[in-house]
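Here is a walk through one structure, taken a piece at a time. Keep the 3D view open while you read.

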Amino acid sequence: MYRAKRTRNIRQYNRRIPNTLPSMSEAEVRELLQPCTNLVGGIIHACRRLMSQFGYISADHRIILADIFNLSVAEVSGIISFYHDFKTTPQPPNTLRICTAEACQANRSRDLVKAIEAHLGSTIPCQTVDGMTAVSFVYCLGLCPNGPAVEINGQLVSNASADQVIANL
Amino acid sequence: MTTAYISNDSFAHALGRSAVMEALATQDIDCVDVGSYGLAWLEPLIEIDSPSGRVAFGPVSADVVSDLAALINAGANYDHHSSFLGDIHEHPFIKKQQRLVFRNVGYAALTDTPTYTTLKTVLERDPHDLINELEVSGLRGRGGAGFPAHIKWRTVADTPADQRYIVCNADEGDSGTFSDRMLMEGDPDALIEGMAIAGYACGASHGYIYLRSEYPYALHELKRSISRAYDHKLLGNNIFDSEFSFDLQVFVGAGAYICGEETSLLESLEGKRGQIRAKPPLPAIAGLFNKPTLVHNVITLASVPSLFDLGGEQYGELGVAPSCGTIPFQIAGNVKYGGLIELEFGHTVRELVEDYGGGTRSGRPFRSVQIGGPLGAYLSEAELDTPLTYEAMQTIGAGIGHGGLVVFDDTVDLREQAEYAFEFCEIESCGKCTPCRIGSVRGKELVQGLPQTSNVEADIQLIHELCDVMENASLCQMGGMTPIPVRSALERFPEDFR
Ligand SMILES: Cc1cc2nc3c(=O)[nH]c(=O)nc-3n(C[C@H](O)[C@H](O)[C@H](O)COP(=O)(O)O)c2cc1C
Ligand code: SF4
Ligand code: FES
């Protein structure tokens with residue numbers, strides 16, 4: 001049992017500013033990844049760490065990964081390119097993911113996508129003109145009775161409307 | 001002083017739970033987090049203690065919270081409030097359900113200390129005895145294929161090895177399914193206890209839960225429950241002072257539908273590209289790191305404690321043999337009352353779509369329901385009276401899959417859906433074999449081209465031939481089952497293609 005605490009009202013999705021993290025030295029990156037080497041499937045853990053630290057996995061990172069996990073750089077690239085979550089180019093600080101799976105299609109997600117694409121002036125996946133938000137598709141967020149579902153900076157939204165989504169872009 | 005039990009499920013988070021918490025913070029009300037009862041259109045749902053037991057309200061907003069608080073403080077009657085639902089167990093959506101796997105979800109506080117009493121009792125029994133009881137229960141895998149669980153357990157147990165693994169498939173990738181997520185967010189201990197029991201029966205001392213990255217709340221609950229189980233010595237060495245030790249870890253996937261297929265999942269867990277392995281060898285003989293590995297879906301493993309509580313024989317009497325027991329169905333898409341419905345096998349599709357679902361949310365006429373995710377068949381009105389058993393569904397060329405039903409109204413264009421089935425296969429194919437990797441692209445182009453083509457019948461014939469190749473020559477069911485939605489759409493809704 002606990003008392004609810006006053007928090008910021010999360011309905012207004014927090015915009016993130018561009019990544020201003022200081023770049024890391026090679027030794028620091030190695031230190032960041034070191035704990036992953038003891039884990040089963042360690043390289044996947046390591047890639048996730050790099051994603052959350054830098055937003056993408058650079059060519060230099062791939063060389064370090066290859067060295068740590070005793071793989072060729074080509075093998076590392078093969079692993080990274082297999083998974084949708086891993087990116088090899090710098091990403092905008094904000095994300096919008098729109099569910100386009102069947103249950104959301106049944107609740108007219110195709111119309112939502114069209115409206116957002118019209119607003120953006122380009123087809124998804126893409127970035128907003130200001131380069132601040134990456135807009136992409138996701139295959140099911142597990143909110144299937146209440147579609148269309150979207151995810152804005154990690155926060156889930158059911159019954160999403162075009163106006164509501166565009167207001168956050 | 002009042003206590004409020006608040007759904008902490010993703011459903012509630014996506015429907016404004018944070019605003020409700022904000023409002024609760026201003027009131028003299030204690031909060032307890034619980035899972036969701038699965039009435040998705042009533043989230044965020046809260047219950048409060050009353051003299052006659054808990055009473056539910058939903059959907060709850062900040063305004064509802066202040067209304068309620070005012071009524072409670074004034075000692076007034078809240079039964080007439082528009083969001084008053086009364087005793088949730090008497091709600092028509094819940095009342096006739098047979099909840100075994102989901103017996104605690106929605107009710108039990110997420111902070112309750114687990115006891116794992118079923119694990120404690122089975123640890124006093126012979127492992128072979130447990131597998132025999134599992135056989136009597138007739139439990140089959142809930143991940144999609146419906147393979148008898150006891151065969152896998154026995155194979156893992158009987159294959160000589162220095163190390164065996166229990167792997168939980170929590171990659172729930174199918175659209176229209178969310179039972180794994182709800183279970184992990186609402187009663188993760190059922191899964192952990194089920195995995196430990198499987199570990200004891202199969203002689204495995206390590207378990208992994210392969211969770212998809214789209215489920216951050218499930219990850220949070222799993223991690224919390226696993227560390228609490230370690231704290232209470234319900235995981236780790238010499239559980240309940242027995243010889244049995246079991247370690248459990250969560251592994252988060254990285255966005256790949258195909259990693260739900262068990263061999264692809266194992267490759268991914270080993271830190272590789274999630275490419276399919278050829279079978280044989282079966283994972284039960286040579287799985288993770290080539291050791292015997294029991295791979296089961298979340299619901300299969302979470303069924304285990306309630307199954308042993310009930311007794312194998314009694315469990316086996318539920319349903320329509322050989323489709324035994326209960327399964328959490330999930331009804332979603334264009335439906336008025338969507339959510340989770342745990343029932344024994346044998347109820348008809350119509351009961352779920354009409355009695356539970358209440359028809360379409362848009363109010364337009366029903367047109368189709370897709371059962372079993374993206375690789376499942378599109379059914380028409382004429383097939384709604386089919387009972388939901390593995391056998392009956394097979395006779396109409398469909399499957400239950402993971403129990404998801406996605407309802408469409410009459411605005412659906414089945415040609416578009418067939419095109420999407422190919423497109424999905426194109427995006428998610430692991431790329432190992434040609435029928436799937438190339439076939440999906442060609443299939444998409446063919447279906448896309450139908451409105452413009454000069455010879456529709458010839459192209460449809462070509463689509464059928466392509467489906468034959470994919471069905472017969474694909475290495476796994478990704479390519480092998482993509483023809484199911486395509487063909488079912490072509491056969492049942494031919495007018496959409498011409
Ligand atoms: C393309 C594909 C995707 C699959 N996705 C899942 C999934 O997301 N979750 C799951 O439990 N099983 C999934 N399966 C089924 C698994 O391969 C496997 O049969 C299952 O995990 C076995 O567990 P069970 O015995 O409990 O059903 C998938 C199969 C295929 C071919
Ligand atoms: S059918 Fe598709 S997903 Fe399966 S092995 Fe072949 S290419 Fe990979
Ligand atoms: S299909 Fe969109 S959330 Fe499941």
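The side chain of N8(B) sits 2.8 Å from the side chain of H13(B), and the two make a polar contact. Bear in mind that this model is predicted.

Where is N8(B) in the chain B fold? Look at the loop that links β1 (2-7) to α1 (10-14) of chain B. N8(B) is buried there, because its relative accessible area is 10%, and buried means under 20%. Leaving out residues up to four places away in sequence, N8(B) touches H13(B), R17(B), D33(B), V34(B), L110(B), E185(B) and E221(B).

Now turn to chain A and its helix α1, residues 26-33. Which residues of this helix are buried? They are V29(A), L32(A) and L33(A). These residues lie on the same side of α1(A), because they span an arc of only 90 degrees around the axis. An α-helix has 3.6 residues a turn, so residues three or four places apart point the same way.

What covers the buried residues of α1(A)? The cover includes two helices of chain A, α2 (42-54) and α3 (59-69). On the face of α1(A) directed away from the buried side, A27(A) and E31(A) are exposed.

How values were computed. Residues numbered from 1 in each chain as written. Chains lettered and ligands numbered in written order. Predicted model: local features only at pLDDT ≥ 70, side-chain atom pairs only at ≥ 80, totals over all residues. Heavy atoms only, no water. Buried < 20%, exposed > 50% of the residue type's maximum accessible area, 1.4 Å probe, protein only. Helix = DSSP H or I, 4+ residues; strand = E, 2+ residues; numbered from the N terminus. Arc of directions from axis to C-beta. Contact = heavy atoms within 4.5 Å. Polar contact = N/O pair within 3.5 Å; in protein donor to acceptor, adjacent residues only side chain to side chain.
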